[in-house]
Amino acid sequence: MTEELFREDATLLECEARVVAVDEAGIVLDRTVFYPVGGGQAGDAGEIVAAGGAKLAIADTRKHPDKPGEIAHVPAAGADLSPFAPGTRVTARIDAGRRRAHMRFHTATHLLCALVPHAVNGCSITAGYARLDFHMNEPLDKEALSAGIARFVAAAHPVRHRWISEDELDANPGLVRSMSVQPPRGLGRVRVVDVEGVDLQPCGGTHVANTADIGAVVVTKIEKKSAMTRRVVLGFAA
Ligand SMILES: [Zn+2]
């Protein structure tokens, strides 16, 4: 199992680690700060630097397709993997700008969930934009949603995550009702993200620590994808 340091502290930009395996999926480390694509959020890019100084550019990060619980760091095409044999001590360092954009957009999607009280049936978060698909047929107002996001950003709500047990969930029906997404069952515990006073939902992604850190994010487009799907696209304000 790869130790997922980003789950407890999304602000970590690098960590010391050891190469566990190298295969077609990529490089597996014993621990990492690289977030693997999932929950709509894009994977991290960055670099892995061997103790001897050799550098390897990482283009993407994925959950290992064949090894549950392990994370594959996908090397850039044509990279020389020979300095990164299993056992090698390395520093794993993410592309901070790309991750920061993911965190700002991702947290902004939680604000959208609070502004649009409908089920979400699609989500994509990249460094350039984010989109969220809502199951609904009413029209949405671009300016009103942008203003709503700006209001939550200005109010500087703390963003925290915590783990709760399924027993705790079951013992607190109000908690489940306040969540905009039903938590996955069968894993024993659920990671919930609490945008204090705004949104509470199960989420495994990376977030900024306060809505103020989202900065200038606006709704750039609203599309009618189908009779029952409205797509909201977010971008950074110019
Ligand atoms: Zn989230």
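This is a predicted model: local features need pLDDT of at least 70, side-chain atom pairs count only at pLDDT 80 or more; totals for chains, interfaces and linings use all residues.

The domain assignment of the chain places domain 1 at 3-94 and domain 2 at 99-236. Between the C-alpha centres of domain 1 and domain 2 the distance is 27 Å.

## The barrel

Six strands close into a barrel, and their order is β2-β3-β7-β6-β5-β8. The pairing in this barrel is antiparallel. On average, neighbouring strands of the sheet are turned by 45° against each other, with direction ignored.

One of the pairs is formed by strand β6 (residues 55-63) and strand β7 (residues 71-75), which are joined in the antiparallel sense over five bridges. Thr 61 has His 73 in β7 as its bridge partner.

## The open sheet

A sheet of four strands, in the order β9-β10-β15-β14, is open and has antiparallel pairing. Its edge strands are β9 and β14, each of which pairs on one side only. From one strand to the next, the twist averages 15°.

Strand β9 (residues 120-125) pairs with strand β10 (residues 130-135) in the antiparallel sense, over five bridges. The two are joined by a hairpin through four residues, and Gly 122 stands opposite Asp 133 in β10. β10 is also joined to strand β15 (residues 229-236), by six bridges and again with the strands running antiparallel. Here the bridge partner of Phe 134 is Arg 230 in β15.

## Helices on the open sheet

Two helices pack on this sheet. α2 touches β9, β10, β14 and β15, and its direction makes about 160° with that of β9. α3 touches β14 and β15, and its direction makes about 135° with that of β14.

The helices also meet each other. Two packed helices are described by the angle between their axes and the distance between the axes. For helix α2 (residues 96-115) and helix α3 (residues 142-154), the axes come within 10 Å and cross at roughly 115°. The crossing of α2 past α3 is right-handed. From α2, the residues in this contact are Ala 108, Leu 111, Leu 112 and Leu 115; from α3, they are Leu 145, Gly 148, Ile 149 and Phe 152. By class, the residues of the contact comprise seven nonpolar, one polar and no charged.

## Val 217

Leaving out residues up to four places away in sequence, Val 217 touches Arg 104, Phe 105, Ala 108, Ile 149, Leu 234, Phe 236 and Ala 237. Among them, Ala 108 and Ile 149 also take part in the contact of α2 with α3. The C-alpha atoms of Val 217 and Glu 14 are 26 Å apart, and the two residues are separated by 203 residues along the chain.

## Two loop residues

Ser 180 is placed in the loop between α5 (173-178) and β12 (189-195). Ser 180 counts as partly exposed because it has 16 C-beta neighbours inside 10 Å, a count between the limits of 12 or fewer for exposed and 20 or more for buried. Apart from neighbours within four places in sequence, Ser 180 is in contact with Cys 113, Asp 199 and Gln 201. Ser 180 and Cys 113 are 67 residues apart along the chain, with their C-alpha atoms separated by 7.2 Å.

Ala 156 lies in the loop between α3 and β11 (159-165). This residue is not a glycine, yet it has a positive phi of about 50°. Why does Ala 156 count as exposed? Ala 156 has 12 C-beta neighbours inside 10 Å, and a residue with 12 or fewer is classed as exposed.

Methods:
Residues are numbered from 1 along each chain as its sequence is written. Axes are lines fitted to C-alpha atoms, for helices over the stretch in contact, and angles run from 0 to 180 degrees between N-to-C directions. A crossing is left-handed if the near helix is turned anticlockwise from the far one by less than a right angle, and right-handed if clockwise. Two residues are in contact if their C-beta atoms, placed from the backbone, lie within 7 Å. Ala, Val, Leu, Ile, Met, Phe, Trp, Tyr, Cys and Pro count as nonpolar, Asp, Glu, Lys and Arg as charged, and the others, Gly among them, as polar. Two strands pair if DSSP finds at least two bridges between them. Domain bounds come from an automatic or database domain assignment.
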